[in-house]
Amino acid sequence: MKSEAVWCILIPGMLGLLIFFIGITCSAGSPLVAKVEILEPYVSPNGDGVKDLLRFAYQLGSSGQVGFRLYDRKGERVLEETLGWRSAGVRYEEAWDCMPDGKPLPEGAYSLRLLLDGREVGERIFFIVDVTPPEILFISPSPGSKVPIYTMLIIRVKELSGVGEGYLIIDSDPENRVKLLLPSLRSPIFPLPPGRHSIEIHLVDRAGNETVEVVEYEATPVTEEIVYARCLPNPVRRGGKARFIVKIGAPTTEVELVLYDPAGRVVFRWRMPGEMGEHSIEWDGRDLRGKPLPRGVYFCRVRAENAVKTFRVGIR
């Protein structure tokens, strides 16, 4: 009887402790935020109606007061905003204008942490504020120059969020549109009838900022792909430096320069994009393994898509 009485006391107590620990475990394992996701990672709060708002979504595992903290790329806190009461189990999509105190956030990369009752919860999400259109730094061929009747354009830009779309409009004709390849900002080869032409370059970054620049060219009959290829000086002093120079007269996909020793073995190779104009590379007189080449006569072959030029290179 005494033993039975002890078990009657212990079992309810053990059950109570078990229920208590199960409750703690379930509470600790229940996520406060099921998921946080960025809906628009590039924002341009300039008031033009294009990607002006930072959009993100989340679903709470527990109801409470929700807000967020913003950090710059160095991890320093920028600001804290309150969104209000939100219920558990509901997917919320928020839109914030990135205009604290009526002024747009400075350009740059930021991260956001969701707040639930003052605690940071969920994963950190990242976004970029960019209000500056792409800045064109370089166009090849040079604007105003003569180009072949089959030509291509290559563009280099300065851009924070990256270019999301690029295209050319030929002679103000929307139907005559050439899409630029991304991320290289290189056009495919396209035809231009002989004569003068205007080309509108349209670049739109990932935050929706657009740059439009108009350039002009005079299209002429196609010239040689490889106008000339040479080595300066030639012959090259052993252990000294030289420079290979190749001039491309018409756009091509790629140009390859290969140097062969007297036995026909490849000792040096250089590949370059097929952009029109003069290209050069400095060579230190060494082979592919970094060893100085011995004295002798070598053969250099320059190959484009539809042209090949060969010349001798001496090392003395």
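Among contacts in the chain between residues at least 6 apart in sequence, 60% join residues at least 24 apart. The model in which these contacts were counted is a predicted one, and its secondary structure comes to one helix and 24 strands. Of the 316 residues in the chain, 40% are buried.

Confidence in the prediction is described by an average pLDDT of 85 over the chain, with 89% of the residues scoring at least 70. Over residues 1–30, by contrast, pLDDT stays under 50, and for this stretch the model has two contacts beyond four places in sequence. Where pLDDT is low, the predicted coordinates should not be read in detail.

One of the sheets is an open arrangement of five strands in the order 2-8-7-4-5, within which the pairing is mixed. Its edges are formed by strand 2 (42–43) and strand 5 (77–86), each of which pairs on one side only. Within this sheet, strand 4 (residues 64–72) and strand 7 pair in the antiparallel sense over seven bridges, and Gly-67 has Leu-115 in strand 7 as its bridge partner. Strand 4 is also joined to strand 5, here by eight bridges and again with the two strands running antiparallel; in this pairing, Leu-70 stands opposite Leu-79 in strand 5.

Strand 7 (residues 108–116) is mostly covered, given that eight of its nine residues are buried. Leu-114 lies in this strand and has a relative accessibility of 1%, which is why Leu-114 counts as buried, the cut-off for that class being under 20%. Although Leu-114 and Leu-70 are 44 residues apart in sequence, their C-alpha atoms are 9.0 Å apart in space. Leu-70 is the residue that stands opposite Leu-79 in strand 5, whereas the bridge partner of Leu-114 in strand 8 is Val-121.

The pairing between strand 7 and strand 8 (residues 119–129) is antiparallel and extends over eight bridges. These two strands form a hairpin with two residues between them, and in the turn Asp-117 has a positive phi of about 55 degrees.

Strand 18 and strand 19 (residues 242–248) run antiparallel and are joined by six bridges, including the one in which Ile-226 has Ile-248 of strand 19 as its partner.

Terms used: Residues are numbered from 1 along each chain as its sequence is written. This is a predicted model: local features need pLDDT of at least 70, side-chain atom pairs count only at pLDDT 80 or more; totals for chains, interfaces and linings use all residues. Side-chain values use heavy atoms; hydrogens and water are left out. Two strands pair if DSSP finds at least two bridges between them. Helices (H or I, at least four residues) and strands (E, at least two) are DSSP runs, numbered from the N terminus. Buried means under 20% relative accessible area, exposed over 50%, partly exposed in between (1.4 Å probe, protein chains only). pLDDT is the predictor's confidence in each residue, from 0 to 100. Contact means heavy atoms within 4.5 Å.
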